[in-house]
Amino acid sequence: MIIGAGGFGREVLWTINDCNKIFKQYDVVGFVDDEPSLKNSIIHNLPILGNIDWLLSSPPIGVEFVISNGDPKIRKRIIERLKHLHFSYPIIKHPSVHWADSATVGKGTIIQAGSIISTDVS
């Protein structure tokens, strides 16, 4: 599931779709978003499944989440709200990314098309 269906969420979906063209590794079931105007919407053929409160009330099992909000403060608030659920957050890396062997990337990182991750970057 992609948390956040705004512009960055749609870019993340594009990245995931590009990854799947090379090796099918993700099965995106939909978006989670708190924007009331998006309720019951379909975005790029994926449903808005609910908001964060919906997710907290009936957390799915075995689902990974990508938090697609570009504002670090909002990302942190979302993680804080969900931390007791122990969700898994994958690393999403576009196939075009150049990545140094000495780079380290933590869980939940999203690296978009055209990025270069240089030596010894964390």
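A residue counts as buried under 20% relative accessible area, exposed over 50% and partly exposed in between, with a 1.4 Å probe and protein chains only. The model on screen is predicted, so local features need pLDDT of at least 70 and side-chain atom pairs count only at pLDDT 80 or more, while totals for chains, interfaces and linings use all residues. Residues are numbered from 1 along each chain as its sequence is written, and side-chain values use heavy atoms, with hydrogens and water left out.

**Stop 1: the aromatic pair**

Select Phe65 first: at 1% relative accessibility, Phe65 is buried. The structure holds one aromatic pair. Rings of Phe, Tyr and Trp (its six-membered ring) pair if their centres lie within 6.5 Å; planes under 30 degrees apart are stacked, over 60 edge-to-face, and the rest tilted. The ring centres of Phe65 and Phe87 are 4.2 Å apart and the planes stand at 45 degrees, so this pair is tilted. Phe65 sits in the loop between helix H2 (52–57) and S5, and Phe87 in the loop between H3 and strand S6 (92–93), 22 residues apart. Helices (H or I, at least four residues) and strands (E, at least two) are DSSP runs, numbered from the N terminus.

**Stop 2: the sheet**

Colour the strands next. Five of them form an open sheet of mixed pairing, in the order S3-S4-S2-S1-S5; two strands pair if DSSP finds at least two bridges between them. Strand S3 (42–43) and strand S5 (66–67) are the edges, each pairing on one side only. Zoom in on S3 and strand S4 (residues 46–50), which run antiparallel and are joined by two bridges. Here Ile43 stands opposite Leu46 in S4.

**Stop 3: the pockets**

A pocket is an open set of points on a 1 Å grid over the protein atoms alone, where a 1.4 Å probe fits, with protein on both sides within 12 Å along at least five of seven lines; lining residues have an atom within 4 Å of a point. The largest pocket has a volume of about 190 Å³. To find it, select Met1, Tyr26, Asp27, Val28 and Glu64, the closest to its centre of the 13 lining residues. Its lining has nine nonpolar, two polar and two charged residues.

Move on to the second largest pocket, with a volume of about 170 Å³. Residues to select in its lining include Ile3, Val32, Asp33, Asn69 and Arg81. Helix H3 (residues 72–82) gives the largest share of this lining, four residues. By class, the lining divides into five nonpolar, two polar and four charged residues.

Conventions
Grid points are joined across faces, edges and corners, and a volume is the space filled by probe spheres set on the points. Ala, Val, Leu, Ile, Met, Phe, Trp, Tyr, Cys and Pro count as nonpolar, Asp, Glu, Lys and Arg as charged, and the others, Gly among them, as polar.
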